[in-house]
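Biologist: Please take a close look at one chain of this model, and describe how it is built and what it touches.

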Amino acid sequence: MSPRRLRETFVAYGFLAPVIAGFLIFVLGPAVAAIGLSFFNYDVLTPPRFAGWANYLRFFRDPRLPLIYWNTVVYVFWYVVLTTVVGLALAVAANRAMHAVWRYLVRTTYFFPVLTSLASVSLVWQYLYSTDFGIINYYLGKFGVQRIPWLTSSQWAIISIIVLGVWKNVGFNFILFVAGLHNIPRHLYEAAEIDGAGRWASFRYITVPSLTPVVFFVIVWGLINGFQVFDSPFILTTGGPGDASRTVVMYIYESGFRFFQMGYASTVALSLFIIVVILTLIQFRLSRIWVFYQ
Amino acid sequence: MPATSGPILNGRFRAKLFDWSVTALLLLGGILMMMPFVWMFSTSWRQAKDSFSLPPQWLPTAWRIENYQEVLNGIPFVEFVLNSLKVSTLITLGQLVTCSMAAYAFARLRFPGRDLLFLIFLSQLMVPQQVTIIPVFILIRVLGLLDTHWALIIPALFSAFGTFLLRQFFLTIPYELEDAARVDGAGYVRTFLQIILPLAGPGLSTLAIFVFNFYWNEFFRPLLFISTWEKMTLPLGLTVMRGYLGVGNVAAIMAGVSMGILPVLVVFLVAQRYLIEGITLTGIKG
């Protein structure tokens, strides 16, 4: 290496030193420690005791986990599908001639919930969802819908959490899709029009392929975040009734910090990590087929 | 009017009408999106006994400042705000420093292992916080930092997301200025401080708003690390308040949540442009 290159390398690692240190101490180190911890029983107060595969055996036999994982998968599926589809539909709808004031209002109203704290808005939605006094049931009643036990029935609890999640974050995807639409070169549409393509054909053969990179980003981001859902079920339903709306992260929290089974909590956390990684890699692999880069 | 122009006018009118209807529907949806906030705000200005009155009232029914006083006097609300302010500000400043340094190295310097290191860095985004949180908790406990704000601040001073975002911004800065500075004999540090950082103003603002907002809203880590009432940050404090004031006192709880959301609204109205630019840059050009 030339002295200049050597110096540049030296400087570069100097600039990177803080984040590398942070990465080692607060991400990589703890991730490795979590693997180690999963082979121990540790209740914080007494020293860890080696447990061999016990936590993993318990993981595969835990009668509560199938339902808890199922809830989480249902949440993630609908959360990702709805925030993507609705976000895209909104963006396509908003992508037309519109007075600047309306444009501002549309963008603002859909995006604002993204910035609020999920914990705080969960406190609000808890009352909106009230079976007898909530305004949601009141207005649904106007359309002849029977009162829905949003938070108290095992059938509806997870749906309530999905609805809240979609309401809160659909604006994020909306903004992304609006920007994506904005980036599509005008001349593609003009050329299509000259070739006699209608509205639908332009949408299908220009808009959709051009947006696939954004769709890809939105899905991957939604998957990673969706699997970590915690605040809303924790506040709205505390996981209930029974385990009907308990999510994996809630279970990790309860095992680790309520029952102080840090080893078992680590095992469950690792399973979540593995699933997120596998799904993300599958997404990347699949993206070669359907994502269209210009 | 000549008969032949009829269909053309009609067609144009129909297209216009379609645009108007879609706009109207979007605005209607926007109103629906804001309903929870409207309900929250109007309920905070009500007698507690009217909180659940049906049909719903969409305007405040009694200008009861007492609901707000109850929050301010009954719980350490001001402390919550100050705690959140302290934690979010320090984390934001820290990330601006660490992430901009790392982003400069990734975007502007050439060194062996750069691309691999960047990939490893990005892969952090896949690691759910819950995987690392237990060892981090143990570490914080060993360091004697449990139930202090440092437990929240120190592990958050670095971020892959922030590094990525700023790298994207730095990549858009033209090289010419940097080369000119290099010719004038400026070293890497001076180039970074005097050329890159001043030009990356919008990027830094965007990251600052993102980070501040994220930690202002954070709930999970404060729930684990903070146990003393007076040290809690806002979302945790408000949640605990619900139990303290009694679930029945909706008016006071909504007053608390309203006061918590107000700063977010202000930041949003002031900084909307940066936020949208930042989201666009991470999602589109990533």
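Modeller: **Chain B and its surroundings**

Among contacts in chain B between residues at least 6 apart in sequence, 74% join residues at least 24 apart, where a contact means that two C-beta atoms, placed from the backbone, lie within 7 Å. This is a predicted model, in which local features need pLDDT of at least 70, side-chain atom pairs count only at pLDDT 80 or more, and totals for chains, interfaces and linings use all residues. Residues are numbered from 1 along each chain as its sequence is written, while chains are lettered from A and ligands numbered from 1 in the order in which they are written.

Chain B has 13 helices and zero strands; helices (H or I, at least four residues) and strands (E, at least two) are DSSP runs, numbered from the N terminus. Chain B is more spread out than a compact globule, because its radius of gyration is 25 Å, well over the 19 Å that the globule rule gives for 286 residues. That radius is taken over C-alpha atoms, and the rule is 2.2 Å times the number of residues to the power 0.38. Along the principal axes, the C-alpha atoms of chain B fill a box of roughly 80 × 70 × 35 Å. Of the 286 residues of chain B, 42% count as buried (20 or more other C-beta atoms within 10 Å of the residue's own, again placed from the backbone).

The domain assignment divides chain B into domain 1 (5-64) and domain 2 (67-283); such bounds come from an automatic or database assignment. The centres of these two domains of chain B, taken over C-alpha atoms, are separated by 33 Å. Eight residues of domain 1 of chain B are in contact with eight residues of domain 2 of chain B.

Towards chain A, 64 residues of chain B are in contact with 73 residues of chain A. The elements of chain B that give two or more residues to this side include α1 (5-43), α3 (77-108) and α13 (250-283). Its residues divide into 46 nonpolar, 15 polar and three charged, with Ala, Val, Leu, Ile, Met, Phe, Trp, Tyr, Cys and Pro counted as nonpolar, Asp, Glu, Lys and Arg as charged, and the others, Gly among them, as polar.

The largest nonpolar core has 154 residues, of which A:F174, A:A269, B:A102 and B:Y104 touch the most other members. Such a core is a set of buried Ala, Val, Leu, Ile, Met, Phe, Trp, Tyr and Cys residues joined through C-beta atoms within 7 Å. Not counting residues up to four places away in sequence, B:A102 touches A:F15, A:L16, A:V19 and B:T163.

Methods
Buried ≥ 20, exposed ≤ 12 C-beta atoms within 10 Å, placed from the backbone.
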